[in-house]
Amino acid sequence: MQTLRDIRRRIRSVESTRQIARAMEMVSAARLKRAQARLLSARPYAESMEGVVRKVCSAGEGVSHPFVSKRDVEAVAVCVIASDRGLCGAFNANVIRQAEEFAAQQGDVHVRFVPVGKKAAQHFGRREKGLKPCFPELGPFAEPAITKALTAELTRLYLEGEVQEVWMDFTHFISSGSRRVVLERLLPVELEGGEGTSEDYGYIYEPSADMLLGTLLPRYVEMKVFVRIAESCASEHSARMVAMSFATKNADDMIFDLTLLRNRARQSAITKEIADIVGTAEVLR
Amino acid sequence: MAMNPFRLRILTLEESFYEGDVDSLIAPGADGYFGVLAHHAPMLAALRPGKLLVRERDSIENVYAVSGGFLEVSDNSVTLLADAIESAADIDLTRAEQAKQRALERISSRRGDVDIARAEAALTRALNRVAVYHSWTSG
């Protein structure tokens, strides 16, 4: 049985842990708000651009660009977007597991991982020393600088023929309470052509559709990367917020149980002392 | 004279910059400036850095500096996807001049680690901001 002093010490330690968890929950809530705002304000742009790309791609026969042409696949790159920090439940484990399951299904195709975020970099760096490219610093929000660098690396891998497909593994943000790991192909760009081509006839392209696509597609890919990092960042903060609110609750439960235990221990100590005094008095008489 | 208005939406990756009914606009297309009035034919155009002139209803004119993007006309509404855009009134001339100087220095330094393409793009943007500011104050 624990002594009274042990239990008191234990309560104090749980209390301070609870305070930290609570503070982290608040910080995550504030960051989630910012990350969510960033994501939501990017969505109208993303949707419009999506539509524009689809229209140009369905414009006709003459359209071709390395970003849309399919090639025989010998190697693929999987860009895994995790977070810099832990304490966010299964957030990092989920994206990493998805990436590894995908890799296991690829058979003969060589899979190259491109980790983004410290946790992903650590995980994949353990298996492969000096893994490159690698982005161990993501920061709490989607920054344009890292988006640019990441896009440049991914397109370089693709254009130089080191890989024939680029996939992105990230956490899709649905709401602060729910998120889902998604693995989608970034390159070559998927075309949902066919539908809606008849009503879009007669578009004027300036410059030609081909040249327009040349400037449009790199921009489109960068936008995709940015939005996915933004999704992942918002998901990270919401995952951490949920994990920390559970941690706070668990700490509360623990403090409650420990307090009962402490009271009982104190009571039994008092009882024992009284018994001792009575016993001694009995002897002295 | 009352004109037919049409809807204009200006979007950037950071925000929905503008949304409203306008009478006409003049945008810096990749092949030169072009104007859009109501009931324009469907069009997709790439933009280069330049001056965007928007004439709102009641002939209020707004001038913006655009640093490139795309413009779509369809269904009597215009969507402008801008890389970056700012109102001429918001342009900080000293900052733009400084950015211009920095870009010039980086281009002329000819060091190996300088990304010439990026420096030139920065210079174009800075020059555009300066030019738009001057045309706005003089006009």
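Student: Which residues does Gln164(A) touch, not counting residues up to four places away in sequence?
Tutor: Contact here means heavy atoms within 4.5 Å. With neighbors up to four places away in sequence set aside, the list for Gln164(A) reads Arg71(A), Asp72(A), Val73(A), Glu74(A), Ala75(A), Tyr158(A), Leu187(A) and Pro188(A).

Student: Before we go on, which pLDDT values count in this model?
Tutor: Residues are numbered from 1 along each chain as its sequence is written, chains are lettered from A and ligands numbered from 1 in the order in which they are written, and side-chain values use heavy atoms, with hydrogens and water left out. This is a predicted model, so totals for chains, interfaces and linings use all residues, while local features need pLDDT of at least 70 and side-chain atom pairs count only at pLDDT 80 or more.

Student: OK, back to Gln164(A): is it buried or exposed?
Tutor: Gln164(A) sits in the loop between α4 (144-159) and β3 (165-175) of chain A; helices (H or I, at least four residues) and strands (E, at least two) are DSSP runs, numbered from the N terminus. Buried means under 20% relative accessible area, exposed over 50%, and partly exposed in between (1.4 Å probe, protein chains only). Gln164(A) has 9% relative accessibility, so it counts as buried.

Student: Which backbone nitrogen lies 2.9 Å from a polar atom of its side chain?
Tutor: A polar contact is a pair of N or O atoms within 3.5 Å; within protein, one must be able to donate a hydrogen and the other to accept it, and residues adjacent in sequence count only if both atoms are side-chain atoms. The Gln164(A) side chain has a polar atom 3.3 Å from the backbone oxygen of Gly161(A). As for the nitrogen at 2.9 Å, it belongs to Glu74(A).

Student: Now chain B: what pattern does it follow along the sequence?
Tutor: Chain B has 139 residues, of which 45% are buried, and its C-alpha trace spans about 55 × 30 × 25 Å along the principal axes. The chain holds two helices and seven strands. Their order is β-β-β-β-β-β-β-α-α.

Student: Which three residues supply 38% of the area that chain B buries against chain A?
Tutor: Buried area is the accessible area (1.4 Å probe) that two parts lose on being put together, summed over both. Between chain B and chain A that comes to about 2,000 Å², with carbon and sulfur atoms giving 65%. The 38% on chain B's side, more than any other three residues give, comes from Leu13(B), Leu44(B) and Phe70(B).

Student: And which lysine meets Glu72(B) in a salt bridge?
Tutor: A salt bridge is a side-chain nitrogen of Lys or Arg within 4 Å of a carboxyl oxygen of Asp or Glu. There are two between chain B and chain A. Glu72(B) makes one of them, 2.5 Å from N to O, with Lys55(A).

Student: Last one: what stands opposite Glu206(A) in β4(B)?
Tutor: The contact involves 28 residues of chain B and 21 residues of chain A. Strand β5 (residues 204-206) of chain A runs parallel to β4(B), joined by three bridges. Opposite Glu206(A) is Ala45(B).

Notes. Pairing = 2+ DSSP bridges.
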